[in-house]
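User: Could you walk me through this one? I'd like to go over the hairpin, a helix pair, the open spaces and a few backbone details.

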Amino acid sequence: MDQIKRIFDIPKYQMEKYPQEVCLAGKKNGKWETFSTKDYLEKSNLISHALLKLGVGIQDKIAIVSNNRPEWNIIDMATLQIGAVDVPVYATITEADYKFIFNDAGVKYCFVSDLDLFTKVNNIKSEVPTLKEIYSFEHLDGVKHWTELLELGKDGNDADLIAIQDKIVDTDLATLIYTSGTTGLPKGVMLSHRNLVENVKGSFPRLPCSSDSSGLSFLPLCHVYERMITYLYQITGVSLYYAESIETIKDNIVEIRPHVFTAVPRLLEKVYDGIVKGGREAGGIKAKIFNWALGLTESYEYGVHPSLQRRIADKLVYSKVREKLGGNIQAIASGGAALQPRLARFYHAIGIPVYEGYGLTETSPVISVNAFDAGVRFGTVGKKLDNVEVKIAEDGEILTKGPCLMMGYYKREDLTNEVIDADGWFHTGDIGELSNDGFLKITDRKKEMFKTSGGKYIAPQVIENKFKESQFIEQIMVIGESQKHPSALIVPAFEFIGKWAKENDIQLGDDRKEIIKNQKLIDKIQEEVNHLNQSFGNWEQIKKFELLANEWSVESGELTPKLSFKRKIIMANNEQLIAQIYQD
């Protein structure tokens, strides 16, 4: 891999080492449209020639606002191999954020996937002086289609393209990724070719797949996590399939039978809930066997030879679950938020390895990850990549540096200097611990820790992660800064609660606002809270809670696109409820 220095060297490497008949695939009108490695390279070159004809030059900015699809990768490579910079943007942000990002970056051309996103961008086009044209991946009336550029680039000179590529060095800026953040305006993270390539190379030994494997992608490509993973697939020769949507993941898994995919803990929680629900609803002896097998997963230890009981459970139960998830899964990479150790243990126990990792946009992104080659320890985010340095500061903050660390924040040297110290260490803002044998454990966000009025520090994420073990709790946010004790806002798991109510002959109705007032439900959740509180010191225990009728979501503005809490917004939206909690 020594010849891979720039991102656009990756598909060339695949072509040389293991050219794929299916390099990229996406569904159109219910049928898979596939692109070979050769197709990928040829179409990328045609788009590059077209962009050059349109006047796109070194370091010009190209925005991509799209769902996951092969065209995304083609535009990405076409942009990077002429020395331009791509700016991937979330589909779910507001028009005001589009306006800020496009103007801050100075976007020259934009590619969108569909009518809704075209409308969003077109609405702010007149307020972005640099924006010349918008192209669509889908055919829209009155909108330029991306294939026009394939035609435009047909008489391009490959020698000219090669000459441009020869001048691009690995330290050149490759992409601007605007972090959504939980407060304030987005910040443009500057990542070079070297940043991303080195992260791919560092992650390569942790991927237990080969060139005859397939991968499924559904997390947003505009997030550096999924984007880096797609480069990792390409460098490994894994055939990459894009799910049609978040709703079709289950069907796509059965259809594609992938060996690897990435996920966020929220999805893994829902899959687990679905598995448990299906097993218990089987009834009779089947349900009893399922519950027995489920109980065995709780004592699973990584690397321990399976007992006779576990081998029987595998034949009767675990193998059936694996088959429903395609039957081929060798690895699921989990990131973006903390994964409950109980869930990691469960998935490994049934033969579906979930490897939890850690990183940030600023670190391209992976810092550490559990993996078959470096070992697995539940409740940690694994060992650091070999080409990354990590240390714990005196106050417990995780610091890191190395070739994957960003160039800085675009046009914001002040903010860059706030997070990268004079010795080159990046201050992650996360609190953690590093074991003697190198396993990193995240305990909380530095900015999210708070003190009660009694001076005790509270780490909300640790408490939240534990409380989500309850099947009655869908979402929970711990509050209590400068208050006499921690409390919580809880969104109940309404689907599970409906089943519980039916089994216990409790009439709840369909109105969630009325359901959360039901005293039997409140008492049951209090019982769950009392049980889970036992895992914490007296000062950390949840003393009061209030139930909410609606989940927090990206659409409601209460979660970031990677599903982190926007705590200040959630608290502002529930100001009266919080006041009620602490009125005594």
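Analyst: Strand 1 and strand 2 make a hairpin, with 2 residues between them. Asparagine 29 sits in that turn, and its phi is positive, about 55 degrees. Before we go on: this is a predicted model, where local features need pLDDT of at least 70, side-chain atom pairs count only at pLDDT 80 or more, and totals for chains, interfaces and linings use all residues. Residues are numbered from 1 along each chain as its sequence is written, and side-chain values use heavy atoms, with hydrogens and water left out.

User: How many bridges join strand 1 to strand 2, and which residue stands opposite alanine 25?

Analyst: Helices (H or I, at least four residues) and strands (E, at least two) are DSSP runs numbered from the N terminus, and two strands pair if DSSP finds at least two bridges between them. Strand 1 (residues 24-28) and strand 2 (residues 31-35) run antiparallel, joined by 5 bridges. Within strand 2, the residue opposite alanine 25 is threonine 34.

User: Is helix 1 roughly parallel or roughly antiparallel to helix 9?

Analyst: Axes are lines fitted to C-alpha atoms, for helices over the stretch in contact, and angles run from 0 to 180 degrees between N-to-C directions. Helix 1 (residues 9-17) packs on helix 9 (residues 224-236) at about 25 degrees, with the axes 8 Å apart. Angles under 35 degrees count as roughly parallel, over 145 as roughly antiparallel, 65 to 115 as roughly perpendicular and the rest as oblique. That makes helix 1, relative to helix 9, roughly parallel.

User: Which residues of helix 9 make the contact with helix 1?

Analyst: Contact means heavy atoms within 4.5 Å. Helix 1 brings Ile10, Pro11, Tyr13 and Gln14, and helix 9 answers with Tyr231, Tyr233, Gln234 and Ile235.

User: What is the volume of the largest cavity, and which helix gives the most to its lining?

Analyst: On a 1 Å grid over the protein atoms alone, a cavity is a set of points where a 1.4 Å probe fits but cannot get out; a pocket is an open set with protein on both sides within 12 Å along at least five of seven lines, and lining residues have an atom within 4 Å of a point. Grid points are joined across faces, edges and corners, and a volume is the space filled by probe spheres set on the points. The largest cavity holds about 150 Å³, and the top contributor to its lining, with 5 residues, is helix 11.

User: Which residues lie closest to the centre of the second largest pocket?

Analyst: The second largest pocket has a volume of about 450 Å³. Helix 14 provides the largest share of its lining, 4 residues. Of the 19 lining residues, the closest to the centre are Tyr272, Glu298, Arg342, Glu469 and Ser470.

User: Where is the cis peptide bond at proline 365, and what is its omega?

Analyst: Proline 365 is in the loop between strand 14 (354-359) and strand 15 (366-369). The cis bond joins serine 364 to proline 365, with omega at about -10 degrees.
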